[in-house]
Amino acid sequence: MIPSAFEYVRAASVEEAIRLLQESNGEGKLLAGGHSLVPLMKFRLTTPGKLVDISRISELRGVRKEGNRLVVGALTTHSQLASDPLVREHIPVLADAARQIGDLQVRNRGTVGGNIAHADPAADLPGVALALDALVELHGEDGQEVVEIDGFFLGPLITALPETSLVTSVSFAVPPEGTKSVYLKYPHPASGYAVVGVCAVAGTDPDGVVNYVRIGMNGVADVAYRATAAEQALLGQRATAENIREAAALAAEDGEIGSDLFASEEYRRHLSAVYTERALSQILL
Amino acid sequence: MTKRTEISVTVNGVAKSTEVDSRMLLVHFLRDEQGLTGTHIGCDTSQCGACTVLLNGEAVKSCTVLAVQADGGEITTVEGLGDMQNLHPIQQGFWEKHGLQCGFCTSGVMMASVGLLQQNPDPTEAEIREALEGVICRCTGYQFIVSAVQHAAKLLAESGSNAVDQGTVQVGEGS
């Protein structure tokens, strides 16, 4: 399979990338690792007239700590994320989730910014980003903007990212002290994409009452979402098996749960509850 | 508007400068332009891993990389590992441990394995299986492949050399 013809240009800076996008009159697409875009182009599901390659803008690569956040440059690959010492020390669940993306070759090319900007509802990072209160930094013709991840995903492969903007970094909150985190997924046996993916961050006070909980879901709905109903049901309750089961039963409430050839809506709702219960039990019991 | 792009790459240690269609996939560049048909096209959808090559020392699926993205890079294909007179340890491992039957996936599996051994010269069985998640073999059931990689790791340790430098070509550090 061969993509349709396009003009290839390389941006040396964020500003140049924005200018090249502006000049493309809606025909331009950003190319980073290409592991979401190139497959779509090979299927001719997208046929951009121009590719703006941003992969050589070195300032968009790498992880740094700013306050209680880790700022991950958009071009950081999943392999780099999985092995980064700062990530492993401060947000191990993020490294662990990155290690579950695709396979080694895919992780060597795929980028964090590309993953978030592509907004595949079955990708692993969107749910993890939601559970870690991620902030997405955008650069566009009107300058820089930081947006919350909750609300960034609008639909399958659709985000709030303006056409002539690019994601320059994604920052993830270091979970509060005393909390634990986990990412669990049931992968599609062929593609490895999440049929259901649950990222849970939670903790209790000294009396065993849940005082912090975040649950991000991917794979089950048309967009990744926060399982707010389940979070609310658990917050302020004692961390018991029964309370966790009751809260986890609400994990599908906040999503538009989808059906496809592999999994029906009913099955996905069931898996949502089962995996959320497992995730919460693992970190709270 | 030009839809062709000038690229310079090093393929198995040999520098090449040429103009390619911007939309040309790296696997087609290697097979059709360079005549290196040891790199196979299996699924063509970045799942099976038959097209795996090393780009700047890292295993990548060349059906999902544009040739223009490899510009300035160093590429190693199976032809860069060794030859019949001088097998690379990974090739020796696959030979001695029966790591293949039909052989279609084998070049990709070997390149993924070399990528692993370069970063982790003494992998556990679990680490080998994890690194080979991105390659599909329909013949062997993987057990003999794992044995082959373990054997290669042993040979490399005995020879005291790096997985890539062991080959007939010298490849520098990844960027």
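**The second pocket and the contact between the chains**

Modeller: By class, 21 polar, 11 charged and 10 nonpolar residues line the second largest pocket. The model is a predicted one, and what follows should be read with that in mind. The lining of this pocket comes to 42 residues, and those that lie nearest its centre are A:Thr77, A:Ser79, A:Asn108, B:Glu58 and B:Gln119. The space in the second largest pocket is about 1,200 Å³.

From the pocket I turn to the contact itself. Chain A brings 33 residues to the contact, and chain B brings 33 residues. Between them about 2,700 Å² of area is buried, with 52% of that area given by carbon and sulfur atoms. Of the area that chain B buries against chain A, 23% is supplied by B:Arg23, B:Thr64 and B:Gln69, which is more than any other three residues supply.

The polar side of the contact can be counted in two ways. There are 15 residue pairs in polar contact between chain B and chain A, with both residues at pLDDT 80 or more. On the side of chain B that touches chain A, the elements that give two or more residues are β3 (52-55), β4 and α4 of chain B. The most comes from β4(B), with four residues. By class, this side of chain B has 13 nonpolar, 12 polar and eight charged residues.

Side chains of opposite charge can pair when their charged atoms come close. In one salt bridge, B:Asp44 pairs with A:Lys42, and their closest N and O atoms are 2.6 Å apart. This pair crosses between chains: B:Asp44 is in the loop between α1 (26-33) and β3 of chain B, while A:Lys42 is in helix α2 (residues 37-42) of chain A. Another salt bridge joins B:Glu130 to A:Arg107, where the closest N and O atoms are 4.0 Å apart. As a salt bridge is taken here to need a nitrogen and a carboxyl oxygen within 4 Å, the pair of B:Glu130 and A:Arg107, at 4.0 Å, should be read with that cut-off in mind.

The search gives one cavity of 30 Å³ or more, and about 30 Å³ of space lies in the largest cavity. A:Leu21, A:Ser24, A:Gly26, A:Gly28, A:Glu163 and A:Thr164 line the largest cavity. By class, four of these lining residues are polar, one is nonpolar and one is charged.

A:Asn243 lies in helix α10 (residues 241-248) of chain A. A polar atom of the side chain of A:Asn243 lies 2.8 Å from the backbone oxygen of A:Arg238. Apart from neighbours within four places in sequence, A:Asn243 is in contact with A:Leu234, A:Gln237 and A:Arg238. A:Glu277 is 34 residues from A:Asn243 in sequence, and their C-alpha atoms are 9.7 Å apart in space.

Definitions and conventions: Residues numbered from 1 in each chain as written. Chains lettered and ligands numbered in written order. Predicted model: local features only at pLDDT ≥ 70, side-chain atom pairs only at ≥ 80, totals over all residues. Heavy atoms only, no water. 1 Å grid on protein atoms, 1.4 Å probe; cavity = no way out; pocket = protein on both sides within 12 Å on 5 of 7 lines; lining within 4 Å. Points joined across faces, edges and corners; volume = space filled by probe spheres on them. Nonpolar A, V, L, I, M, F, W, Y, C, P; charged D, E, K, R; others polar. Contact = heavy atoms within 4.5 Å. Buried area = accessible area lost by both parts, 1.4 Å probe. Salt bridge = Lys/Arg side-chain N within 4 Å of Asp/Glu carboxyl O. Polar contact = N/O pair within 3.5 Å; in protein donor to acceptor, adjacent residues only side chain to side chain.
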